[in-house]
Amino acid sequence: FYVYNNALSGTLPAEIGKWTSISRFWVYNNALSGTLPTEIGNWTLIEWFQMHNNALGGALPTEMARWTSLVYLNILNNRFTGAIPAIA
């Protein structure tokens with residue numbers, strides 16, 4: 001899923017958790033805000049997750065620990081708090 005370098009704003013809906021076969025999520029350089037929905041923990045095939053340069057905040061969902069296929073994570077330049085969940 002590639003929608004980077006746009007002027008997207010608003011929050012990510014919980015419904016994106018239904019995209020269980022997603023392997024790449026590149027939504028960087030936008031103006032997204034709010035928190036990441038816990039439902040993204042359903043993305044067990046995710047390999048690349050790029051959400052840098054947005055205005056997201058809060059704690060990262062602990063459900064991200066299910067991302068055992070993850071190769072690359074970039075969440076720089078947001079307002080996240082706390083630790084990155086340990087991926088087993």
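Colleague: Which residues form the aromatic cluster here?
Modeller: In this predicted model, one aromatic cluster is formed by Phe1, Trp19, Phe25, Trp43, Phe49 and Trp67.

Colleague: And how many aromatic pairs are there?
Modeller: The count comes to 13 aromatic pairs. One of them joins Phe25 and Trp43, a tilted pair at 4.9 Å centre to centre with 50° between the planes.

Colleague: Where do those two sit in the chain?
Modeller: Phe25 is in strand S2 (residues 24–26), while Trp43 is in the loop between strand S3 (31–34) and strand S4 (48–50). The pair links distant parts of the chain, 18 residues apart.

Colleague: Is Trp43 buried or exposed?
Modeller: Trp43 is buried, with a relative accessible area of 0%. Phe25 counts as buried because its relative accessibility is 2%, and the cut-off for buried is under 20%.

Colleague: What does Trp43 do with Phe49?
Modeller: Trp43 and Phe49 form a tilted aromatic pair, 6.3 Å centre to centre and 55° between the planes. Phe49 is buried, as is Trp43.

Colleague: Let's talk about the core. Which residues touch the most other members of the largest one?
Modeller: That core has 19 residues, and Phe25, Leu36, Trp43, Phe49 and Met51 touch the most other members.

Colleague: What does Leu36 touch?
Modeller: Leaving out residues up to four places away in sequence, Leu36 touches Leu12, Phe49, Met51, Leu56, Leu60, Pro61 and Phe80.

Colleague: Switching to charges, how many salt bridges does the structure hold?
Modeller: It holds 1 salt bridge. The side chains of Arg24 and Glu47 meet there, at 3.7 Å from N to O.

Colleague: Which parts does that pair tie together?
Modeller: Arg24 lies in S2 and Glu47 in the loop between S3 and S4, so the pair ties together parts that are 23 residues apart in sequence.

Colleague: How many bridges do S4 and S6 pair over?
Modeller: They pair in the parallel sense over 3 bridges. The bridge partner of Gln50 in S6 is Asn74.

Definitions and conventions:
Residues are numbered from 1 along each chain as its sequence is written. This is a predicted model: local features need pLDDT of at least 70, side-chain atom pairs count only at pLDDT 80 or more; totals for chains, interfaces and linings use all residues. Side-chain values use heavy atoms; hydrogens and water are left out. Rings of Phe, Tyr and Trp (its six-membered ring) pair if their centres lie within 6.5 Å; planes under 30 degrees apart count as stacked, over 60 as edge-to-face and the rest as tilted. Helices (H or I, at least four residues) and strands (E, at least two) are DSSP runs, numbered from the N terminus. Buried means under 20% relative accessible area, exposed over 50%, partly exposed in between (1.4 Å probe, protein chains only). A salt bridge is a side-chain nitrogen of Lys or Arg within 4 Å of a carboxyl oxygen of Asp or Glu. A nonpolar core is a set of buried Ala, Val, Leu, Ile, Met, Phe, Trp, Tyr and Cys residues joined through side-chain atoms within 4.5 Å. Contact means heavy atoms within 4.5 Å. Two strands pair if DSSP finds at least two bridges between them.
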